[in-house]
Amino acid sequence: MAANDTTSLPIIDFAKIVGPSISHSPEVIEESEKEKKKLFDAFVNVGFVYLANHSIPDFARDNLFAHAKKFFALPESEKAKVETGESKAFHGWFSPTRTSGDKRHADLKEAFDVGKDDDPTRPNQWPADWPEFRDDMNFFFEKCHEVHLVLLQALAQQVGIDEHFFDPHVAARDHFFRVIYYPETSRAAFKDRLRASAHTDYGTLTLLFNDNSGGLQVRKSDGTYIDAPPIPGCAIINVGDLLARWFNDKLISTEHRVVEPEPKPDANGNIPDIVPARYAIAWFGHPNRDALVDPIDACCTPENPKKYAPVYAGQHVVERLAYLHKKGQNTTEWSDEMQRDKNQSTAAATPTIAVASS
Ligand SMILES: O=C(O)CCC(=O)C(=O)O
Ligand SMILES: [Fe+2]
């Protein structure tokens with residue numbers, strides 16, 4: 001899916017959306033309704049927004065960036081102690097060599113991955129003797145869950161269903177949370193590789209917090225990309241595949257990527273060949289693995305008939321990854337994820353439901 005014709009992402013004010021939790025004045029309620037509609041329309045047309053006043057404290061984000069700088073600067077031997085992989089846990093350090101089967105086009109990145117911290121089936125791994133790292137990640141994880149829940153409530157309301165429709169379907173907190181490090185590199189490196197190649201996210205909503213480096217781009221319906229530079233104080237939120245499917249593609253899950261940032265000339269007007277490191281925090285909201293994602297009736301009309309059979313969220317991830325494998329876009333990350341979700345959906349032991357091809 002691709003964003004319709006647009007030159008920049010809409011800005012949504014989260015404080016307006018939640019205003020009625022503080023004041024019941026008619027003006028505040030009206031502002032909230034308007035903002036929710038703006039959010040919904042943006043997800044219909046673009047699939048991406050900036051979220052201002054998102055309520056996640058700056059210190060929480062800054063702490064994570066500080067931990068990330070320290071963690072990714074550790075010697076490989078230290079990071080390897082918490083490396084992600086089937087034989088250990090499925091969370092932890094995602095090394096640069098795990099990015100792709102085809103090294104020439106591998107993403108220029110490494111990451112640290114976390115899930116909810118009390119999941120026995122997918123335990124987190126934490127660096128030793130660093131309790132703040134764990135506490136700060138868990139705090140951020142929970143804050144993102146709360147914001148994402150409010151946004152899901154707003155979206156449900158916009159299609160006329162119970163605003164708490166999604167609440168039980170995300171209550172298990174089966175989200176995926178990642179701090180990403182794109183190391184310093186050269187401009188030439190971008191000839192063959194990107195920092196993150198074009199993809200859609202596959203959950204409900206992604207909450208993205210970038211440093212000031214730039215480079216994120218969002219695909220338009222004509223195939224060209226628009227820049228989504230960081231705006232101070234704003235998070236970037238985008239729709240994932242499963243939420244789009246739940247809304248029968250009324251909301252769109254838009255492709256995006258991270259490319260070479262806009263060159264900044266030095267004091268002499270020269271463009272340095274070195275591209276500084278970039279950090280990002282990506283929190284991927286996911287339905288419970290055993291949630292049945294069935295296009296909402298209110299989004300299925302004669303003009304937009306139901307496009308998808310119901311699918312269990314965990315199973316969908318497996319199907320999606322199998323498709324990517326077939327296309328040769330597999331990465332080691334995908335196969336980890338795939339194994340993990342296969343285990344999970346088998347464990348859920350629910351009747352098999354056919355997946356509509358998309
Ligand atoms: O680093 C970014 O700005 C985007 C990362 C991203 O899209 C992802 O990890 O899914
Ligand atoms: Fe993404």
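Visitor: How many helices and strands does the protein have?
Guide: This is a predicted model, and the protein in it has nine helices and 16 strands. Of its 358 residues, 39% count as buried.

Visitor: Why does G115 count as buried?
Guide: A residue is buried if 20 or more other C-beta atoms lie within 10 Å of its own. G115 has 21 such neighbours, so G115 counts as buried. G115 is found in the loop between β4 (110-114) and α5 (131-158).

Visitor: Which residues is G115 in contact with, leaving aside its neighbours within four places in sequence?
Guide: They are H91, R122, N124, H175, F176 and F177. The cut-off for a contact is 7 Å between C-beta atoms placed from the backbone. As for F141, 26 residues apart from G115 along the chain, the C-alpha atoms of the two are separated by 8.2 Å.

Visitor: What makes up the shell around ligand 1?
Guide: The residues are I180, A196, D201, L208, N210, L216, H256, V258, A280 and A282. At least two of the shell residues are supplied by each of β8 (205-210), β12 (256-258) and β14 (278-284).

Visitor: How do the residues of that shell divide into nonpolar, polar and charged?
Guide: Seven are nonpolar, two polar and one charged. Asp counts as charged, so D201 takes the charged place.

Visitor: Where does UniProt place the feature "domain: Fe2OG dioxygenase"?
Guide: The unreviewed UniProt entry places that feature at residues 173-287. Over this stretch the chain is 5% helix and 37% strand, and the end C-alpha atoms are 8 Å apart.

Terms used: Residues numbered from 1 in each chain as written. Chains lettered and ligands numbered in written order. Predicted model: local features only at pLDDT ≥ 70, side-chain atom pairs only at ≥ 80, totals over all residues. UniProt positions renumbered as here; feature names shortened; annotations may be inferred. Helix = DSSP H or I, 4+ residues; strand = E, 2+ residues; numbered from the N terminus. Near = placed C-beta within 6 Å. Buried ≥ 20, exposed ≤ 12 C-beta atoms within 10 Å, placed from the backbone. Contact = placed C-beta atoms within 7 Å.
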